Each structure stands twice: as C-alpha cells, then as structure tokens.
Amino acid sequence: MHSLIPLLCSENDHPSEAHSTQHMLGGSLDQPKQPFASTSALLSWPPSSLGDASNSALSVNYIPSKFSTALLSPKRPRRRRRRTDASDFSGFQLSEDEDGYTKGHKDNRNLRWNKYKWILFLTNLLFTLYSLAALIIALLIWFDVFLFADVIRVGNTPELILSTLAAAFGLFTSVIGWAGILLNNRSFLAIYTFLLWITFAFLVVPGYVTYKRRAFNLEGKLNLQWSRDLMDTGRLRIQNKLACCGYYSPFVEATISQTCYSRSVLPGCKASYLDFERRALDRWYLICFCLVPAHIAVMLASLLCSNHVTYRFGKGMMPKAYRMGPQSMAAIVHGCANQLTEQYGPEVASTFLSKTESLISLAPSDSATSNLRSIPSR
C-alpha cells in the first residue's frame, strides 16, 4: 500500500492530463477490479450518471482547507515534514490537532488561545471567586467563627442551608468549567453550561426567601418563631449572644440561665433580635441579587463561547460527501493507470493494477474500507 500512495497522489497533481489520455487507451487497459468496486457500474469511468460523477468528484478533487490551513495560507511558509511510517498518507490529508494547528508545524508556531477561550477563562474565574467566597462565608457561619453566627444558625437555618448548597454547587460547576476550558473538551463545557442554569436557580432562591422574610411582616414571623418554633436550647443560644433575657421581659418565654432569671436586669430579646434580623436579611438578599447580573454574564459567555473554545468546527470529522469510497478509489487508480499507460505503456499499467489488487487484498476488507474512507485525496 505504501508504494501505491505516491502514485495516487500524482493523480490529483495533473487530473486533466489523466482524463485527456483516456480516449487513447482503447481496449488495451483492463478496468479496475475488486476491492475498488463491487459492480460494473462502479468500475466504469467516467461514471454513467450525473449523481455518481458529482459524488466521485467531491472525494477525488477535495482540497481539505479546514483541515490543512498551512497548505492554503500564503502568510506561513510550508516546511517539509520528516517522513515517518505514519506520514505516508500525507498526500491525502495534512492532519491537524483539535486547536486548528497543523501537527507538522505545531512545534514551529506560537500557539495562542482564541478570544472565546479567554472570555470563558475570565468569566469562569469570576464565577469561581464568588462561589468560593460564598462557600467560605457559609462555612465560617456554620463553624460559629463570627460573633453573632450562632444567632443565624438558630434563627435562619433554612436560608443558611440553601446558601451553602448554592455555593457548593456553584464551586462544583466551576470545576467542570475549568476541566472543559483547559482540556478543550466541549462535552464538559456543554455540561458546564447546563449546570450554570441550575446554579442560577440555587442563587436566586436564598435571595427570594430572605427578601420575602424581611419585607413581609418580619415582626410577626419572629413572634411566631420565638413562641412555637424555637426550643429552650435555641432561645438560650440567642439570649447568650444578644445579652438579653426572655422575649419581652424575663417573665415572658424566657429560658433560665446564669444570666437570665426572674430578677435579671437584662432587657427582652425582641428589640435586639428584630434589629439583628433586619440588618442580616437586608445584607443577605442584596448580596444574592447583586450576584445575579454577574452570573447571567457567565451564562451568556458559556452559551456563546463554549462551542468555539477551539478553531475546530464540530467534531472535526470528514464530511460524508468527501469520504473515500470504492468508486472514488477506482477512479483514482484508473487515472494513475492512464498516466502509466501514457508514460510507460500498457504493460506497466497492468502490472500496477495487479499489484494494487494484491496489496489491498492482504488486509481485511472492513479495515481497508475504513482506512480508505478516512483518507481524502488532495
């Protein structure tokens, strides 16, 4: 097969000469046989129908402009690649990596990220920073690091749980985004884009809950919470942090402690607890809603740029119309035989055809067919 490739490559360098000498051959040259074609209709050249001719011309005369930019760009000089065993098919396709750069020239060029990848990088960096900051603050509250953290743990447990879940899920989503950006993996970026919408819901829910609690009858909700929802331990923790005793006074729903008893001079907890909840809830929903525009920007960037993280279009597969098939292979081999007949005579061309059949018949038919389909002609 290796001896066949240089001859097949010369077909596309002078396609007009090969077809112009076809009428001079007459019956002196045999038509190609298996495995290039399975029927007599495939062995005929030129093809009998217009549709067959168009399909054959696509694969025979295809110039892979998307897959070999170095061939068509006049700004970058072509450099001869070292020939290896894997480069014998270079006459058909100059393969490229997924970044859109030719593998043969990869070491000689300064690879740079495109603007879409930079946008994804910056937006995901912003997303990672505020997700990580939110998670750190939530964990510090859970570990009772702040002065009045225990009051939030007792009085705002649902809001704190929702915020912790939102921050943790956002950080997990950002890790998937980093994997897709740094590895140029579009599957990861698709998952990342989808998870950003779920993160947006997790972000909005704590803001909505805290705003609703703050704006609509906060005093009545705190009255109900102190009298019915909080147990003795919860009331005691709030009394210790806010330095108060009882709700209205030490005689109303108070939990007895060393500082809170019937003759205690400490004030009731309603005023201080109400003032603390107002300030905490105001800051809580303002932070959540201020992050919404930034998160929407991250979502838009992922939607618009995740599919353009590299210059490769789609999955980088050869279009079906340009894949090498038995008919196209028969046309190429027949054209090479025409050139051999014109230059060396029909005996050399017949020998070439017989050796070609023997070489390809040594390989399994399925693998040979798949290899032929994966190699476009120049």
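Please keep in mind that the model is predicted.

I will start with the pocket. The largest pocket has a volume of about 810 Å³. Its lining is made up of 31 residues, and those nearest the centre are I137, I141, R283, W284 and I287. Several helices take part: α6 (115-142), α7 (149-155), α8 (157-183), α9 (186-215) and α12 (270-305) each supply at least two lining residues. Which helix gives the most to this lining? That is α12, with nine residues. As for the class of residue, 24 of the lining residues are nonpolar, five are polar and two are charged.

Next, the annotation. The unreviewed UniProt entry marks residues 118-148, 160-182, 189-209 and 284-305 as "transmembrane region". I looked at two of these spans in the model. Residues 118-148 are 81% helix and 0% strand, with end C-alpha atoms 41 Å apart. For residues 160-182 the figures are 100% helix and 0% strand, and here the end C-alpha atoms lie 33 Å apart.

Now the salt bridges. Side chains of opposite charge can pair when their charged atoms come close. How many salt bridges does a search of the whole structure find? The count is eight. I will go through three of them.

In one, D150 pairs with R237, and the closest N and O atoms are 2.5 Å apart. D150 belongs to helix α7 and R237 to helix α11 (residues 232-242), so this bridge ties together parts that are 87 residues apart in sequence. Is D150 buried or exposed? With a relative accessible area of 8%, D150 is buried. R237 has a relative accessible area of 31% and is partly exposed. Both residues also belong to a network of salt bridges that links D144, D150, R153 and R237.

Another bridge joins E277 and R213, at 3.9 Å from N to O. It links distant parts of the chain, with E277 in helix α12 and R213 in helix α9, 64 residues apart. Both of these residues are buried.

D282 counts as partly exposed, at 22% relative accessibility. R214 also counts as partly exposed, at 25%.

That is the end of the talk.

How values were computed:
Residues are numbered from 1 along each chain as its sequence is written. This is a predicted model: local features need pLDDT of at least 70, side-chain atom pairs count only at pLDDT 80 or more; totals for chains, interfaces and linings use all residues. Side-chain values use heavy atoms; hydrogens and water are left out. On a 1 Å grid over the protein atoms alone, a cavity is a set of points where a 1.4 Å probe fits but cannot get out, and a pocket is an open set with protein on both sides within 12 Å along at least five of seven lines; lining residues have an atom within 4 Å of a point. Grid points are joined across faces, edges and corners, and a volume is the space filled by probe spheres set on the points. Helices (H or I, at least four residues) and strands (E, at least two) are DSSP runs, numbered from the N terminus. Ala, Val, Leu, Ile, Met, Phe, Trp, Tyr, Cys and Pro count as nonpolar, Asp, Glu, Lys and Arg as charged, and the others, Gly among them, as polar. UniProt positions are given in the numbering used here, feature names are shortened, and annotations may be inferred rather than shown by experiment. A salt bridge is a side-chain nitrogen of Lys or Arg within 4 Å of a carboxyl oxygen of Asp or Glu. Buried means under 20% relative accessible area, exposed over 50%, partly exposed in between (1.4 Å probe, protein chains only).
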